[in-house]
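Here's a quick walk through one model, starting with a single helix and then zooming out. Have the viewer open as you read.

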Amino acid sequence: MSNTYRDSCGAGLENEEEFVDILEERRRSSDLGHALRTFSPHPYKGAESCSNADLNKAVLESQYLRYMAKEIAAETGSSVEEVREEACEILEEMSQNLQLKCIRLMGFTMTKVLKRLYSGIFVNMEGLNMLQQSIQEHPVILMPNHRSYMDFLIISYIMFTYDIPMPFIAAGIPLSGMKLVGELLRRSGAFFIRRAIGSDKLYWAVLSEYVRTIVKTGIAPLEFYVEGLRSRTLKSVMPKLGMMHMVMEPFFKGEVYDITLIPISISYDRVLEESLLAHELLGIPKLKESTMALLKASKVLQEDYGSMHVNFGRPMSVRHLCEGKINRCQYNLVPRDLPQKPSAEVQACVSWLANLMVRVQEEGSVMGPWALMACLLLQAPTIVLTEEGLPWQELTDKTLWLRKLALDFGARLNWPSGQGQAPDTDVMSSTVALHGSVVNRKAGRVFLVQEKEPVRNRPISPEEEMISTAAAVLMLASYRNMSLHIFVRPALLVTALHITKTTQKDELLAFFCFLQDVFSNEFIFIPGNSSQDFEEACFLLKKCGAVHVSEQEVTVSDAGLEVLSFLQALLQPFIDSYQVIFRYLCENEAHVYAEKQFLTAVRNLATELILSGELHTYEALSSDTHKNVLSALQRLDTVTKSRASEQNEYTVNKAAVRRIDDVLSGKIPPQMLHTTPEAKL
């Protein structure tokens, strides 16, 4: 009997779901037998057999690419033949070359690796069964979240195991440069995309036609990460819309009746790259993807990474989702094979869909006890974690309290409980043991683990010691981030109550929308849903007894002070970090900043403030936070981005930034804000 458990919490698939550990069967049977067994998938009913050469030929000979080649030739003064030759080279660099024998080799290798790394890989079978059915009916787009390099092949591994057609996977071009590994990935279905395409019209044309041809023909499911790059903070990233436009266009143009989107939530107890990600956030350059780097990283096979959950969400019809949101008649005015700039209506629809997919991924994610424990550990002063230690009993008591709150808020929680399961204290003890790289437990207390410094001939400087602590704090923050989607809406309302000191619902809504605007690059909010998010926050806080809600007012309940305190503290590191950056932008004399110099200067200021004791938030050192602030200010029209001397430059409206800082500090009352939910500052 397979190792299974039931998950009845949270959003996503209805009713109870059965998660099956797919590694249990692999541990009992032959890995070679699994790799060499008969593979008999059921493809899309409208798809014809199509080799890699046939696909490339269809792309190169398409009317769209012929038209674009002529247009580009006229613009550049090249001949059409030269442009088409360049298009052919781009396609050779980009295209996949899926081969079953390589899938078998990858399947055999992955089985060995996965059994070493994970105690279990749990897959919800209802979602997988619906995916099997969907692939036969319409072109399917697989949309997993992206937290680890392990995401890249786990979906293919599961689909191979259950006889589902193998997907074509959009991957970054650096992976193709890895000796042997790059070609193996290409033959496992990966097609490679340059990260910096810029204004290269020909590359855009070849890529978009390649993607559209895959979707139109339905020859294979298409898999891509709507967030674009891997999240270095383990929380959702604002979606990138380029690929989303490409996969949607065949539907907009009426070339397919419908497209099915499959949101997939991949959740980890422990992430392989936890230390690397934290150091990248502190400005240490990312290691280049190479075969040698992969071999050097083989020591990870000696460690335990707990379990992984892969939740295949309910299939979502693009036709149904776009109903009433877009008028496709506009596409009838231009021949399908000619390029057409998307209208504002189309762009808004694609943005809404992309954000919706990320939100559904969040709702489908499965949290373990560590995400809750990380929330609580980060709310203790850092000096307590590094020197005194947090009492174990205090941590376990609060974690059990937080588990109840998370379940009340609709979290999916992987917490073994009930008859025959380990006691709660044992679950938390094993969780802390699993994360021994971040914390350790001794003498009844929990301490933050700091990196061992190499032997030096000189004393460690305060800055070096601080960076060591910061790396550990950022690792801890990454695991806390896995739970933020559960708490962020109630936390925004609690923050509004705390800063504004008002109980009026309309004023709280205005401030709630202001916070969503400011933090829209930190958390995922579906465009146009601010009022619904506010009502959801009111409902959840009322449900747990933290507030009383009437038609006109939201008032704090005496019984809910613990909940309010926790939620306010959860959001405080983000507020503190943003205020450091606002301070730098307002106090510095310059009005124009080069991006690299800005990131260095802000980190130096945060370092100075932490060492002086004025700032207690190590997350202010994170480069992702710095970039998120710039993106938010740019969207709020307080910062203008331009390109100069091979890097981005930002022109700052200091008065506008100062006003945002004053609102966030409570110096400007909520009555001064716009009351319409989607109004800009």
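## A covered helix

In α11, the buried residues are Met243, Met244, His245, Met246, Val247, Met248, Glu249, Pro250, Phe251 and Phe252. Put another way, ten of the eleven residues of this helix (residues 242-252) are buried, so it counts as mostly covered. Buried here means under 20% relative accessible area, exposed means over 50%, and partly exposed is in between (1.4 Å probe, protein chains only). Just after α11, Gly254 takes a positive phi of about 75°.

## Where this comes from

This is a predicted model, in which local features need a pLDDT of at least 70 and side-chain atom pairs count only at pLDDT 80 or more, while totals for chains, interfaces and linings use all residues. Residues are numbered from 1 along each chain as its sequence is written, and side-chain values use heavy atoms, with hydrogens and water left out.

## The overall build

Counting up the secondary structure gives 27 helices and 18 strands; these are DSSP runs numbered from the N terminus (helices H or I, at least four residues; strands E, at least two). The radius of gyration is 26 Å, close to the 26 Å that the globule rule gives for 681 residues, so the protein is as compact as a globular protein of that length. That radius is taken over C-alpha atoms, and the rule is 2.2 Å times the number of residues to the power 0.38. Along the principal axes, the C-alpha atoms fill a box of roughly 70 × 65 × 60 Å.

Of the 681 residues, 54% count as buried. Among contacts (heavy atoms within 4.5 Å) with a separation of 6 or more, 77% come from residues 24 or more positions apart.

## Out at the surface

Leu36 is found in helix α2 (residues 31-36). With a relative accessible area of 55%, Leu36 is exposed. From Leu36 to Asn588 the C-alpha distance is 64 Å, and the two are 552 residues apart in sequence.

The pLDDT (the predictor's confidence in each residue, from 0 to 100) averages 89, and 92% of the residues score at least 70. Over residues 4-16 it is below 50, though this stretch has 42 contacts in the model beyond near neighbours in sequence. Residues 675-680 are also below 50, with 13 such contacts. Where pLDDT is low, the predicted coordinates should not be read in detail.
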